[in-house]
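The following note sets out numbered points on the model shown below. Please read each point with the coordinates open.

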Amino acid sequence: MKRFYLLLCVLGTVLPYWQFLRFFLGDGGFDLPGFIGAATANPVAAGFSIDLVVSSAAFWVFLFADGRRHGIGHLWIHVAANLLVGLSLALPLYLHRRTVAIEAARAATA
């Protein structure tokens, strides 16, 4: 599973950024208001955007509760990944680190 999560980290970074770069490198250059406008341009886009914001909020609550329980440090890294790339990076990155922590705890008690 660890390798699968790492693969998802790569895909979750490359695929969204490919689309974001297509937007920002287009005719208008860096246009944050235009980006937000495009993300909410119609009910479908707005629905996906709202879904992502709510899912990210749920992830952050889970992240800090579960991360502390498993002794995972530097949890802020996942918040930064979520804000700078998206949940498509932050979630598989956390799941990778969580799997590593659980395996280490099992090995320590064996």
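1. Among contacts in the chain between residues at least 6 apart in sequence, those joining residues at least 24 apart make up 54%; contact here means heavy atoms within 4.5 Å. The model is a predicted one, in which local features need pLDDT of at least 70 and side-chain atom pairs count only at pLDDT 80 or more, while totals for chains, interfaces and linings use all residues. Residues are numbered from 1 along each chain as its sequence is written, and side-chain values use heavy atoms, with hydrogens and water left out.

2. The secondary structure comprises 5 helices and 0 strands, in the order α-α-α-α-α from the N terminus. Helices (H or I, at least four residues) and strands (E, at least two) are DSSP runs, numbered from the N terminus.

3. As to overall dimensions, the C-alpha trace spans about 60 × 25 × 20 Å along its principal axes. The chain has a radius of gyration of 17 Å, whereas a compact globule of 110 residues would have one near 13 Å. That radius is taken over C-alpha atoms, and the globule rule is 2.2 Å times the number of residues to the power 0.38.

4. Of the 110 residues, 25% count as buried. The classes are buried (under 20% relative accessible area), exposed (over 50%) and partly exposed (in between), with a 1.4 Å probe and protein chains only. The chain exposes about 7400 Å², of which carbon and sulfur atoms supply 73%. Accessible areas come from the Shrake-Rupley method with a 1.4 Å probe, and for residues only the protein chains shown count as cover.

5. In one of them, the side chains of lysine 2 and glutamate 103 meet at 3.0 Å, N to O. This pair links distant parts of the chain, with lysine 2 in helix α1 and glutamate 103 in helix α5, 101 residues apart. Lysine 2 is partly exposed at 33% relative accessible area, and glutamate 103 is likewise partly exposed, at 37%.

6. Which residues do salt bridges with shared partners join into one network? Aspartate 66 forms a salt bridge with arginine 98, the closest N and O atoms being 2.6 Å apart. The residues of this pair lie in distant parts of the chain, arginine 98 in helix α5 and aspartate 66 in helix α3, 32 residues apart. The network consists of Asp66, Arg69 and Arg98. Within it, the side chains of arginine 69 and aspartate 66 meet at 2.4 Å, N to O; because these two residues are 3 apart in helix α3, they are separated by about one helical turn.

7. Aspartate 66 is buried, with a relative accessible area of 1%. Arginine 69 counts as exposed at 61%, and arginine 98 as partly exposed at 24%.

8. Helix α4 (residues 76–84) has His78, Val79, Ala81 and Asn82 buried. Seen down the axis of α4, these buried residues fall within an arc of 160°, so they line one face of the helix; the arc is that of the directions from the helix axis to the C-beta atoms. Their cover includes α3 (43–69) and α5 (87–109). The face turned away from the buried side carries the exposed residues Trp76, Leu83 and Leu84. Just after α4, glycine 86 takes a positive phi of about 155°.

9. Phenylalanine 20, in helix α1, is partly exposed, with a relative accessible area of 26%. Leaving aside neighbours within four places in sequence, phenylalanine 20 is in contact with Phe35 and Val85. The C-alpha atoms of phenylalanine 20 and valine 85 are separated by 9.7 Å, although the two residues are 65 apart along the chain.

10. Finally, the surface carries a nonpolar patch formed by Met1, Phe4, Leu7, Val10, Leu11, Val14, Leu15 and Trp18, with about 810 Å² of accessible area together. Patches are made of residues with over 30% relative accessible area and no salt bridge; like charges are joined within 9 Å, and nonpolar side chains (Val, Leu, Ile, Met, Phe, Trp, Tyr) within 5 Å. Leucine 11 lies in helix α1 (residues 2–24) and is partly exposed, at 38% relative accessible area.

Note on methods:
A salt bridge is a side-chain nitrogen of Lys or Arg within 4 Å of a carboxyl oxygen of Asp or Glu.
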